[in-house]
Amino acid sequence: MIILALLAICLMFAIAFSLASLSSPGSRSLRSLLVLKICLAAGLTIGISSCTYFAWMLVGGPSRTGLIIVELVMCMAMLGLLSPVLKKQWSASDSDVPTTPANTLNGHWLLPLLSVCMFVALSTALTRFIFVSLAAPHGEVDAITMWNLRARFLARAGEQPLDSFISLLATHNPDYPLLVPAGIARWWTYVGSEPVVTPILVAMLFTFSTIGLAVSSVSFLRSRGQGLLAGLVLLGTPFLIRHGASQYADIPLSFFMLASLVSFSLADAADRDRGQALFIAGLTAGFSAWTKNEGLLFVLVVIGARMLVVVSTRGWTAFGTEMRSITMGLVPLLLIVLFFKLRIAPGTSPIVSEQGAVTTVERLTDLSRYFEAGQAFLGKAMRFGHPGFVVLLVYFLLVGRRVDDADRVAIRHAAITIGLMLVGYFMVFIVTPHGVSYQIATSLDRLWIHLWPSMVFMFFLLVKTPEEAMAPQSPASDEMHRSIADRRAS
Amino acid sequence: MPARVVLGIVLLVLVSLFSVIKLTNPTEKFAARFFGIIEVVPDVVTLSDLRFFALRPLLPQHGTVGYLTDRNMQGLEMLDEWLAVKYALAPLFVEKGPTAGIVVGDIRLPTTEVPKVLHDSNLVLLKDLGNGVLLLRRRAP
């Protein structure tokens, strides 16, 4: 069983890591951005395996041997396809990696101090995660009634893999996508039993990979100290850890949203081969749509925001070139989601089916709904996470901002995406058939957590790094900042 | 080194550390966990999985089964138990009441009172798996 479990992980991780290596454009060595690639690969592992498992259930049925063979062949094919990029990265040396300005200013007492704080925070959060998981090993209510229940229906399907599953979908939230349930069911199918630890590990993987991705990407794009601060803020968000352990699909969605924005930012910071990172940005956006319905809104918003930013700065031709790479990653996932929604779960969620033109207009013109939802949104913005916006705002005022030209596009893109997502969520509250107060009570926290890691990522791209803020200002250091920023932007 | 920068960093780090440490409620939970616990009780879903584990191979692979219990299924605690039953018996659909051909009994009354309950519900006992778990079928009309 352990060997099969390891095989289940290693097969997909090999594919996912190869794909994640595309997110570091140019001829960087395979070891560069290693933490970032590992965190990205962790989420991609579950994403890709859920797709292969779903496809196998459609065409091949429940045979475990068949699934293993198909995945082995797929793994070889994928590694073959990616081998030119991997070879290039294997032979590249770390000296090719441009040194960011802030990295040249380290060696300060601050970095060891932040590292120790990060270690304390990480081990405490990990302990808490384990305790919550021990108390409720099968997860909280939605995990038992939806995500893990669907995984059980898939894994226990026997000779008729999809029949009973389709009947299940007819009963409750039919069109919720399958990334999390299929990812868990695949693992269970591989080992031939249903270890309780599987959904716990999946939840843990997504929770801590989200934090790791934020830390490593901010460390690369800004500075190591800045990355550690971003990690501390995320670890200091109790709801992120608690909700991660509840085994809902919200944290996986946060992960894919953040991964997409990080990949766009890496593409913006690259001097060549930007298409690879844009491909990963499209792929991870597609996975967000395969995780929860809110991911479909994210796909629309992130592409729309990209169009606004790129067209206004570089023109339509540049946007067209970018879209070619993005769609290569995005379209296969959208086809899977579309097939699932049209053929497997043709029912729609109540939030869509219970809307009529007249009632929707009535709700849209009811000002009290705007007031109630607005008050709840603002209240949540002030309090979300213990550090919350208030502390971040104070920090911003004390430290200040510094935006390199290379980061300007990335920050604008992330800001517009997050802003439009908030507007989208707000409008769902206005037109919800369940009543605004019910929607606020049951989903506001979860909607915030979708965007919170991305907000933290954007915030730390925007503010000065500790190294920059502490460095004595001199014409020479300003000149150095400019020259290295020019290299990254070129 | 500007004092305001140090202040900003210290503020951010302390608030983050405070909230992550508060997350564990160290004074209460730690003490309770290491000094107050005398027995480890599995959660309701794990208990339900264990109770119905032996029953699952005896049930059909697909379709719907009924669920009969002698307890009042109202209230939040019972809702948890009901969800746990449905979760344990997946991929079968579980309906409350003795409506389907095959019915899962979850009866914790003394053994002597079980025949009366079954007779009143028009059910026949197929197998008693112990711990209150019964495999039942509807009596032919």
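Trainee: At what angle do the axes of helix α2 (residues 34–59) of chain A and α7(A) cross, and within what distance do they come?

Mentor: Keep in mind that this is a predicted model. The axes of α2(A) and α7(A) cross at roughly 75° and come within 8 Å. Angles of 65 to 115 degrees count as roughly perpendicular, and therefore α2(A) is roughly perpendicular to α7(A). From α2(A), the contact takes A:I46, A:G47, A:S49, A:S50, A:T52 and A:Y53. Facing them from α7(A) are A:L179, A:A182, A:G183, A:A185, A:R186 and A:T189. Sorted by class, the residues of this contact are five nonpolar, six polar and one charged.

The structure holds one cavity of 30 Å³ or more. The volume of the largest cavity is about 70 Å³. Its lining consists of 13 residues, and those nearest the centre are A:V180, A:V202, A:A203, A:Q247 and A:Y248. Three elements of chain A give two or more residues each to that lining: α7 (179–191), α8 (197–221) and α11 (250–269). The largest share, five residues, comes from α8(A). No charged residues are found in the lining of the largest cavity, which has nine nonpolar and four polar ones.

α11(A) packs with helix α19 (residues 405–431) of chain A at an angle of about 155°, and the axes are 8 Å apart. Angles over 145 degrees count as roughly antiparallel, so α11(A) is roughly antiparallel to α19(A). The crossing in which α11(A) passes α19(A) is right-handed. On the α11(A) side, the residues that meet α19(A) are A:M257, A:L261, A:F264, A:S265 and A:D268. On the α19(A) side they are A:A406, A:V409, A:A410, A:H413, A:A414, A:T417, A:M421 and A:Y425. This contact of α11(A) with α19(A) has nine nonpolar, three polar and one charged residues.

Next comes the pair formed by helix α12 (residues 274–291) and helix α13 (residues 294–314), both of chain A. Their axes cross at roughly 150° and come within 7 Å. By the cut-off used above, α12(A) and α13(A) are therefore roughly antiparallel to each other. α12(A) passes α13(A) in a crossing that is right-handed. α12(A) brings A:R274, A:L278, A:A285, A:S288 and A:A289 to the contact. α13(A) brings A:G295, A:L296, A:F298, A:V299, A:V302, A:R306 and A:R314. By class, the contact of α12(A) with α13(A) has seven nonpolar, two polar and three charged residues.

The peptide bond from B:A90 to B:P91 is cis, and its omega is near 10°. B:P91 sits in the loop between α4 (76–88) and β2 (93–96) of chain B. The other detail is B:N122, which is not a glycine but has a positive phi of about 65°. B:N122 is placed in the loop between α5 (114–120) and β4 (123–128) of chain B.

To go back to the helix you asked about: α7(A) meets α2(A) through residues that include A:A182 and A:R186, and α7(A) also gives two or more residues to the lining of the largest cavity.

How values were computed. Residues are numbered from 1 along each chain as its sequence is written. Chains are lettered from A and ligands numbered from 1 in the order in which they are written. This is a predicted model: local features need pLDDT of at least 70, side-chain atom pairs count only at pLDDT 80 or more; totals for chains, interfaces and linings use all residues. Side-chain values use heavy atoms; hydrogens and water are left out. On a 1 Å grid over the protein atoms alone, a cavity is a set of points where a 1.4 Å probe fits but cannot get out, and a pocket is an open set with protein on both sides within 12 Å along at least five of seven lines; lining residues have an atom within 4 Å of a point. Grid points are joined across faces, edges and corners, and a volume is the space filled by probe spheres set on the points. Helices (H or I, at least four residues) and strands (E, at least two) are DSSP runs, numbered from the N terminus. Ala, Val, Leu, Ile, Met, Phe, Trp, Tyr, Cys and Pro count as nonpolar, Asp, Glu, Lys and Arg as charged, and the others, Gly among them, as polar. Axes are lines fitted to C-alpha atoms, for helices over the stretch in contact, and angles run from 0 to 180 degrees between N-to-C directions. Angles under 35 degrees count as roughly parallel, over 145 as roughly antiparallel, 65 to 115 as roughly perpendicular and the rest as oblique. A crossing is left-handed if the near helix is turned anticlockwise from the far one by less than a right angle, and right-handed if clockwise. Contact means heavy atoms within 4.5 Å.
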